[in-house]
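Subject: Structure handover

Hello,

Here is the structure I promised to pass on. Please open it alongside this email; my notes follow below.

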Amino acid sequence: MNDKILEALHLAKTGKWDDAHQIAQSREGDPDFDRLHAFLHRMEGDEWNAGYWYRRCSTDVPKVSLEEELEGLIQHYKS
């Protein structure tokens, strides 16, 4: 599971947002994939939709930059 999330984060980092989004949607309802989904919508600039997904995974919207959030997610899912 972590491999798919890491793959999606790499895709997002390299500008392949749609491909990353497809991975997030593939396991909707799984808190880890919902967290990925939240980040992707924040990255997209869709604050309302991002907020919805952060709430679904019981996470507050981060108060850090997108880059910091991305790096934090990568480190979290690497371990």
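Leucine 6 is partly exposed: its relative accessible area is 22%, and the cut-off for buried is under 20%. Bear in mind that this is a predicted model. Leucine 6 sits in helix H1. Leaving out residues up to four places away in sequence, leucine 6 touches Ile74, Tyr77 and Lys78. Leucine 66 is another matter: 60 residues separate it from leucine 6 in sequence, and the C-alpha to C-alpha distance is 16 Å.

**H1 against H5**

From H1 come Asn2, Ile5, Leu6, Leu9 and Lys13; from H5 they meet Leu70, Glu71, Leu73, Ile74, Tyr77 and Lys78. The two helices pack at an angle of about 155°, and their axes are 9 Å apart. H1 and H5 are therefore roughly antiparallel, as the angle is over 145 degrees. The crossing of H1 past H5 is left-handed.

**H3 against H5**

H5 also meets H3. Here the axes come within 11 Å and cross at roughly 160°. That makes H3 roughly antiparallel to H5. H3 passes H5 in a left-handed crossing. On the H3 side the contacts are Asp32, Arg35, Phe39, Arg42 and Met43; on the H5 side they are Leu66, Glu69, Leu70, Leu73 and Tyr77.

**The core**

The largest nonpolar core has 21 residues. Which of them touch the most other members? They are Leu9, Ala20, Ile23, Leu36, Phe39 and Leu40. Take leucine 36. Setting aside neighbours within four places in sequence, leucine 36 contacts Ala8, Leu9, Ala20, Ile23 and Ala24.

**H2**

Ala20, Ile23 and Ala24 are among the buried residues of H2, along with Trp17 and His21. Seen down the helix axis, the buried residues of H2 fall within an arc of 155°, so they line one face. That set packs against H1 and H3. What is exposed on the other side of H2? Asp18, Gln22 and Ser26 are.

Best regards

Methods: Residues numbered from 1 in each chain as written. Predicted model: local features only at pLDDT ≥ 70, side-chain atom pairs only at ≥ 80, totals over all residues. Heavy atoms only, no water. Core = buried A, V, L, I, M, F, W, Y, C linked by side-chain atoms within 4.5 Å. Buried < 20%, exposed > 50% of the residue type's maximum accessible area, 1.4 Å probe, protein only. Contact = heavy atoms within 4.5 Å. Helix = DSSP H or I, 4+ residues; strand = E, 2+ residues; numbered from the N terminus. Arc of directions from axis to C-beta. Axes fitted to C-alpha atoms, helices over the stretch in contact; angles between N-to-C directions. Parallel < 35°, antiparallel > 145°, perpendicular 65-115°, else oblique. Left-handed = near helix turned anticlockwise from the far one by under 90°.
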